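Welcome, and thanks for taking a look at this one.

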There are 2 protein chains.
Amino acid sequence: MKTRVEIWSDIACPWCWVGKRNLEAALDSFEGDVELHWRSFELDPSAPKESPEGVDNVARLARKYGVPREAAQAMIDRMVEVGASRGLDFRFDRLRPSNTFDAHRLLHWAKTCDLQDSLKEQLFQAYMRDGRRISDHEVLVDLAASVGLDPERAQAILSSDTHGADVREDEAIAGQLGITGVPFFVIGGRYALSGAQPPELLLKGLRRAAAEATEAEQTQAHQAESADRGEACGPEGCALPSATP
Amino acid sequence: MKTRVEIWSDIACPWCWVGKRNLEAALDSFEGDVELHWRSFELDPSAPKESPEGVDNVARLARKYGVPREAAQAMIDRMVEVGASRGLDFRFDRLRPSNTFDAHRLLHWAKTCDLQDSLKEQLFQAYMRDGRRISDHEVLVDLAASVGLDPERAQAILSSDTHGADVREDEAIAGQLGITGVPFFVIGGRYALSGAQPPELLLKGLRRAAAEATEAEQTQAHQAESADRGEACGPEGCALPSATP
């Protein structure tokens with residue numbers, strides 16, 4: 001039996017990429033099988049589709065947090081160090097803020113072809129490392145093709161509104177769960193972990209969820225085995241005692 | 001934290017009384033606290049409210065199962081032996097088949113006064129042992145009074161349709177759960193056990209449910225403790241790395 005792991009995340013989200021690496025580290029140590037479901041979450045649904053080139057991300061961050069340019073640069077430097085410690089190459093110097101809605105639509109399609117995880121990784125790289133504009137359909141088709149998806153079909157999906165409802169549905173569930181920050185992990189439909197939790201905690205969640213699922217299965221099997229011992233009355237009458245006590 | 005135990009059962013149901021004793025034996029060995037919820041189930045909703053006196057239950061059973069009178073008597077004798085082994089005095093010789101809807105309504109009221117379990121026991125005794133007609137309002141008021149419920153209020157409830165919707169709701173849930181025979185136990189909202197399962201199995205279910213609830217609670221506490229470690233991005237921006245790695 002596979003353990004279901006759902007991760008709400010955005011692409012324009014450095015902690016989400018860190019969270020993906022942490023999850024991968026946890027999965028390396030996990031004994032069971034898992035089923036990954038990358039769920040859509042847009043941190044900034046109003047981000048422009050036509051993001052300009054040559055954005056000064058230090059100035060952007062300084063404005064956003066209301067801090068001097070030097071402080072913003074220090075924040076970026078620290079985030080870059082965290083990324084590097086996980087083998088991730090954050091290049092905020094060339095990052096191009098983009099709307100991620102279409103990328104999320106494409107991820108839903110990739111899921112139907114079992115290529116969601118690969119495409120998610122390509123999207124992180126393109127956005128966080130390569131300074132590509134991931135709202136651009138040409139870029140998205142290219143990334144889809146790079147993981148083995150059909151570029152023509154990708155283009156057709158992007159030109160329509162296919163999978164838009166799936167993105168909205170993920171976001172609606174996020175709302176119901178009270179998710180305001182990402183990444184957000186739900187393991188085995190039971191254990192919720194918010195943020196880029198360290199691999200050890202994710203592994204703990206995975207093991208607990210798997211142990212409980214096994215236990216629940218055994219209980220059911222046990223019930224089936226002992227079905228003849230659980231005598232009952234039904235509309236047709238009562239079971240006869242199986243033996244004189 | 002209390003473990004929730006829900007039991008769908010009828011009063012006109014010998015295995016349900018046996019199941020109650022099995023549950024009580026399990027609870028004697030159980031280390032935790034429980035919250036009992038007796039849920040309504042009518043094995044024969046069409047049973048007459050005005051059941052006749054002097055029913056020949058052996059003949060009734062022989063007809064029901066299509067067996068000779070001697071075989072029906074043998075079935076009864078075996079059920080009586082099972083009851084006796086649990087300290088229950090089944091008197092099928094004087095049993096008066098009755099509609100149990102009003103008794104179930106009264107049980108819902110008794111629940112609001114924390115007297116449901118006591119009334120349930122009195123109803124089993126009245127029906128299974130004492131040959132009383134438990135569709136009779138006078139009998140029901142008497143039983144209610146015997147456990148400390150206000151007889152006038154009991155009479156008022158019986159004369160109205162109070163708690164009728166509660167009975168129907170329990171039965172609707174039973175339908176959703178696919179319950180066709182009773183007793184039927186649901187422990188901790190997770191473990192379902194069908195039939196008068198032996199005390200050991202019920203105890204196992206109780207312990208599992210309690211252990212899981214404790215574990216879930218600890219996980220939540222653990223999550224809360226480690227909240228500052230799960231860095232995330234939100235609409236207002238991304239968390240700063242807590243320390244240079």
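This is a predicted model: local features need pLDDT of at least 70, side-chain atom pairs count only at pLDDT 80 or more; totals for chains, interfaces and linings use all residues.

## The sheet of chain A

Strand 1 of chain A, residues 3-9, runs parallel to strand 2 of chain A, and 7 bridges join the two. One of the pairings to look for is that of Arg4(A), whose bridge partner in strand 2 of chain A is Glu35(A).

Strand 3 of chain A (residues 184-187) and strand 4 of chain A make an antiparallel pair with 4 bridges. Here Ile187(A) has Tyr191(A) of strand 4 of chain A as its bridge partner. The hairpin that these two strands form has 3 residues between the strands, and Gly188(A) adopts a positive phi near 60° there.

Put together, the strands give an open sheet of 4 strands in chain A, with the order 2-1-3-4 and mixed pairing. Which strands stand at the edges? They are strand 2 (34-40) and strand 4 (191-194) of chain A; each has a single partner strand, so one side of each lacks a neighbour in the sheet. From one strand to the next, the twist averages 15°.

## A helix in chain B

Now turn to helix 6 of chain B, which spans residues 137-146 and has Val139(B), Leu140(B), Val141(B), Leu143(B) and Ala144(B) as buried residues. What do they pack against? The buried residues of helix 6 of chain B pack against helix 4 (101-112), helix 5 (116-129) and helix 7 (151-159) of chain B. After helix 6 of chain B comes Gly148(B), with a positive phi near 105°.

## How the two chains are related

## Where the chains touch

The contact involves 46 residues of chain A and 46 residues of chain B. On the chain A side, the elements that give two or more residues are helix 1 (14-29), helix 2 (57-65), helix 3 (69-85), strand 4, helix 9 (199-225), strand 5 (233-234) and strand 6 (237-238) of chain A. Sorted by class, the side of chain A that touches chain B has 24 nonpolar, 13 polar and 9 charged residues.

Conventions:
Residues are numbered from 1 along each chain as its sequence is written. Chains are lettered from A and ligands numbered from 1 in the order in which they are written. Two strands pair if DSSP finds at least two bridges between them. Axes are lines fitted to C-alpha atoms, for helices over the stretch in contact, and angles run from 0 to 180 degrees between N-to-C directions. Two residues are in contact if their C-beta atoms, placed from the backbone, lie within 7 Å. Ala, Val, Leu, Ile, Met, Phe, Trp, Tyr, Cys and Pro count as nonpolar, Asp, Glu, Lys and Arg as charged, and the others, Gly among them, as polar. A residue is buried if 20 or more other C-beta atoms lie within 10 Å of its own, exposed if 12 or fewer, and partly exposed in between; C-beta atoms are placed from the backbone.
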